[in-house]
Amino acid sequence: MQGNIGVQIILLCAYAIAIILAITFGSRILRKAKEKIDRRSE
Amino acid sequence: MNLAITLSMIAVYIAGLIYLVYRNPLPKQDFEEFAVGGRSFGWAFITMTIIGTWYAGSMYVGWAQMGVEQGIVVTYVMFYTLGGLYILYAIAAPLWKLGKKYGIKTMGHYFELRYKSRSLRTFSGFVALLIEFPWVVTELLAAGYAMQAISYGKIPFNLGMTIIAVIFIAYIVFAGMRAVIIADFYQGWMYIIGGVVMFLAAGYAIFGGYRGMFMEVRNLNAEFLTVPGPAVGWGGDVPGALFWPSLILMGAIGAYMWPSLIARIFAASSTKELKASSRFTPLVAVGFTLVITFFFVGAAARPEFKGEDSAYAVVNLLSTLGPVAVAIICILILNGSLSMMDSMVSTWSIVLVNDCIAPYTKVTSKGLTNISRISALVIGFGGLILSMQELPTIIQMVTRMYQGIVQFFPAVILGIFWKRGNKWSAWSATVVGLVVTGIFAFTQPDFVPALSGMQGGLVALAANFLVYVVVALVTKPEPGVEQLFIDAKTADVDLGQELIR
């Protein structure tokens, strides 16, 4: 891998954290909302 | 090796986006769900969708070029972002309340309710689409460039644009505004974490910190760190004292007149959530804007990266850090392009159906949803085909008409806060504003030298306000306006559905 290795490791971590947080929080919020709507409609 | 790294990173990014969006289909196939996500989103989603729509992919090229060529002037973006958010804060609550009570989904829809003019609703829908449309072409071009850069030239420009267009059009057709807001939420995280870390780390790695970066810029040319005004310009091209303030004012006033941004107000689940978003969004937006625009100015210190076209100077500079940096900057460009294009194309398909078809026909809610889907396909792929052509002059000229969007501001803001306004004042003021803007756009450069660098759109806006007030004072207010003003203050309701916070 060419370039500045230290900076690239930091960037890779930031990239991974951004995607993990987006999917984790997004899924959790949307799932909870769906569960409550489903419970209400039952 | 480098290609494998960059392609893996873009593949994971796109896979994550597709996973989050397609796990959340529309709860039911009606137009309310498709157009405003069932008015069910909380502050976190609204914040992210505003940020996602606000930051375009082309800014890493266009604004970067402005920073590299003109220096600190590019920080106008931060000031107008703040100004725009303040205006959002002022108009969001009354518009949301009216939207909830009367089923409003677009700015044109509000005009019909407030001014009792169906033709104004349709006119504003068409004009807003016409003014905003060139943005999609610009964003597709940025996406094509990013796909080409991330693949080290292996993905041809047009193929790159097509891949991105297929991705966002597919999820708009899948779940409309709901999919767009979920996608924006995903993309917002990449801005906040990926973007901020990227530019801060690059600042330290390349310049030894932002302080060192500014020192280098100052040593190269102190003019880059001076706001242009009556005595300072760029190489003798002095714009005038009012150039910078008018850039900020135009940006702030026009910000939430864009159909794609004003539509965000109606997707919120309550005024409380909108206000919570209004408190959080400025912090995120200002932090992010400062970090990136300062870096754009700093890139001026390395003129060797300008190459043939200074628009790519920042991407070229960041690419020296290695393939991960190449992937991140290209993903940030795609992030911006996707979030802006999906918002615009979905909103236009909704505006087209809601303001130009629904008022004149009797179509079921499901029918409107399907027509919106077809419209999104036609508009999205139409934009793609146009992006692949040699752009005709008319498109370049229409691009300059962006100042026209500001001309809806008096009809919106005075309509909300002044009971005297009526359809005659709204019609006449908007038309006068658009005509004067058009005259300036086609006869003057971006700023008017004879007016100390002021933008023509501001002159048009002054005429617009004047005409609105004069016509409103000499004609009668609309019947029923009193009730609307009461509703705009009091109509806060329990949605009867859960908030998507």
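## Helix 19 of chain B

Let's start inside chain B: helix 19 buries G456(B), G457(B), L458(B), V459(B), A460(B), L461(B), N464(B), V467(B), Y468(B), V471(B) and A472(B). This is a predicted model, so take each number here as computed from predicted coordinates. The cover over those buried residues includes helix 10 (243-255), helix 17 (409-417) and helix 18 (423-443) of chain B. As for length, helix 19 covers residues 456-474, and its 19 residues at 1.5 Å each should span 27 Å; the C-alpha atoms at its ends are 27 Å apart, so expectation and model agree.

Setting aside residues up to four places away in sequence, A460(B) touches Q407(B), G433(B), V436(B), T437(B) and F440(B). There is also L434(B), 26 residues away along the chain, whose C-alpha atom is 7.3 Å from that of A460(B).

## Helix 5 and its two partners

Helix 5 (residues 76-102) of chain B pairs up with helix 12 (residues 271-298) of chain B, their axes coming within 10 Å and crossing at roughly 170°. With a crossing angle over 145 degrees counting as roughly antiparallel, that is the label for helix 5 and helix 12 of chain B. On the helix 5 side, the residues in contact include V77(B), M78(B), L85(B), Y89(B), W96(B) and K97(B). On the helix 12 side, they include T271(B), L274(B), P282(B), V286(B), L290(B) and T293(B). By class, this contact has 14 nonpolar, 6 polar and 1 charged residues.

The other partner is helix 20 (residues 481-490) of chain B, where the axes of helix 5 and helix 20 come within 7 Å and cross at roughly 105°. That makes helix 5 of chain B roughly perpendicular to helix 20 of chain B. P94(B), K97(B), L98(B) and K101(B) of helix 5 meet L484(B), D487(B) and A488(B) of helix 20. This contact has 4 nonpolar, no polar and 3 charged residues. K97(B) turns up in the contact with helix 12 and in the one with helix 20.

## Where the chains meet

Chain A has 42 residues, 24% of them counted as buried, and its secondary structure is 1 helix and 0 strands. At the interface, 35 residues of chain B are in contact with 24 residues of chain A. On the chain B side, helix 1 (2-22), helix 8 (157-207) and helix 14 (323-357) are the elements giving two or more residues. Helix 8 of chain B has the largest share, 11 residues. Sorted by class, the chain B side comes to 25 nonpolar, 7 polar and 3 charged.

M213(B) is in helix 9 (residues 210-220) of chain B and is buried, with 23 other C-beta atoms within 10 Å. Beyond four places in sequence, M213(B) contacts G203(B), F207(B), G298(B) and A301(B).

Most residues other than glycine have a negative phi. R39(B) has a positive one, near 45°; this residue is in the loop between helix 2 (31-36) and helix 3 (43-54) of chain B and is buried, with 21 other C-beta atoms within 10 Å. K116(B), also not a glycine, has a positive phi of about 55°. K116(B) lies in the loop between helix 6 and helix 7 of chain B and counts as partly exposed, with 14 C-beta neighbours inside 10 Å.

## Confidence

Chain B averages a pLDDT of 86, and 93% of the residues score at least 70. For the complex, the predictor gives an ipTM of 0.92 and a pTM of 0.89. In residues 494-499 of chain B, pLDDT stays under 50, though the model has 13 contacts there beyond four places in sequence. Where pLDDT is low, the predicted coordinates should not be read in detail.

Conventions
Residues numbered from 1 in each chain as written. Chains lettered and ligands numbered in written order. Predicted model: local features only at pLDDT ≥ 70, side-chain atom pairs only at ≥ 80, totals over all residues. Helix = DSSP H or I, 4+ residues; strand = E, 2+ residues; numbered from the N terminus. Expected span 1.5 Å × (residues − 1). Buried ≥ 20, exposed ≤ 12 C-beta atoms within 10 Å, placed from the backbone. Contact = placed C-beta atoms within 7 Å. Nonpolar A, V, L, I, M, F, W, Y, C, P; charged D, E, K, R; others polar. Axes fitted to C-alpha atoms, helices over the stretch in contact; angles between N-to-C directions. Parallel < 35°, antiparallel > 145°, perpendicular 65-115°, else oblique. pLDDT = per-residue confidence, 0-100.
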